[in-house]
Amino acid sequence: MRHNDLGFHRCIRLSWYGRFKKSAQKRGIEWKLTVDDLADLYEKQEGRCTLTGDPIYMNNMGYHPDYDASIDRINSAFPYMPGNIQLTTKYANMMKQSYSQDKFIETCNKVATHTLNQTKENYHG
């Protein structure tokens, strides 16, 4: 594996990768990811959050920190491993927490629908 002088391997910042790996290990969560697994996923997702569609960044210099890339386990009962992760923005991952993908999306839809209905009632009422 060859790394460039700026601390990246392909599109993945190595310090970012190391921080997530160390955090998982501290929390007792098995880690089965390589830097290449994450680079492949980042490219597959075209550098966008799977939950919001927002761009995600490996380097927060000049960007809002909410758009920092984060690794979300789709099913929190399983390890960090290929097939059980998605790259998200930091804020989307913080909102999802340990909810299942389906429960999170269902809740987001309810919030959006309720808020839209409240707005319409207030506007027309």
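1. Helices (H or I, at least four residues) and strands (E, at least two) are DSSP runs, numbered from the N terminus. With those terms, the protein has four helices and four strands. Their order along the sequence is β-β-α-α-β-β-α-α.

2. A word on the source. This is a predicted model, in which local features need pLDDT of at least 70, side-chain atom pairs count only at pLDDT 80 or more, and totals for chains, interfaces and linings use all residues. Residues are numbered from 1 along each chain as its sequence is written, and side-chain values use heavy atoms, with hydrogens and water left out.

3. Overall dimensions come next. The C-alpha trace spans about 60 × 35 × 25 Å along its principal axes. The accessible surface (Shrake-Rupley method, 1.4 Å probe; for residues, only the protein chains shown count as cover) comes to about 8,200 Å². Carbon and sulfur atoms hold 53% of that surface.

4. Now burial and contacts. A residue is buried under 20% relative accessible area, exposed over 50%, and partly exposed in between (1.4 Å probe, protein chains only). Of the 125 residues, 34% count as buried. A contact means heavy atoms within 4.5 Å. Among contacts with a separation of 6 or more, 52% are between residues 24 or more positions apart.

5. Charges: Lys and Arg count as positive, Asp and Glu as negative, while His and the chain ends are not counted. Each charge is placed at NZ of Lys, CZ of Arg, CG of Asp or CD of Glu. The protein has 17 positive and 14 negative side chains. The centres of the two sets lie 5 Å apart.

6. Look at strands β3 and β4 together. Two strands pair if DSSP finds at least two bridges between them. Strand β3 (residues 69-73) runs antiparallel to β4, and five bridges join the two. Ser70 stands opposite Thr88 in β4. Arg73 stands opposite Ile85 in β4.

7. How much of this strand pair is buried? Five of the five residues of β3 are buried, so β3 is largely enclosed by the rest of the structure. Strand β4 (residues 85-89) also has five of its five residues buried, so β4 too is largely enclosed. In β3 both faces are covered. Ala69, Ile71 and Arg73 are buried on one side, and Ser70 and Asp72 on the other.

8. Aromatic rings deserve a check. Rings of Phe, Tyr and Trp (its six-membered ring) pair if their centres lie within 6.5 Å; planes under 30 degrees apart count as stacked, over 60 as edge-to-face and the rest as tilted. The whole structure has four aromatic pairs. In one of them, Trp31 and Tyr80 have ring centres 5.2 Å apart and planes at 40 degrees, so the pair is tilted. Trp31 lies in the loop between α1 (14-26) and α2 (35-44), and Tyr80 in the loop between β3 and β4, so the pair ties together parts 49 residues apart in sequence. Both Trp31 and Tyr80 are buried. Tyr17, Trp31 and Tyr80 form one aromatic cluster.

9. Two backbone angles to inspect. Glu46 is not a glycine, yet has a positive phi of about 55 degrees. Glu46 sits in the loop between α2 and β3 and counts as exposed, at 66% relative accessibility. Gln97 is not a glycine either, and its phi is positive, at about 50 degrees. Gln97 is in the loop between α3 (90-96) and α4 (101-124).

10. Last, Phe8. Phe8 lies in strand β1 (residues 8-9). At 16% relative accessibility, Phe8 counts as buried. Phe8 and Ser76 are 68 residues apart along the chain, and their C-alpha atoms are separated by 27 Å.
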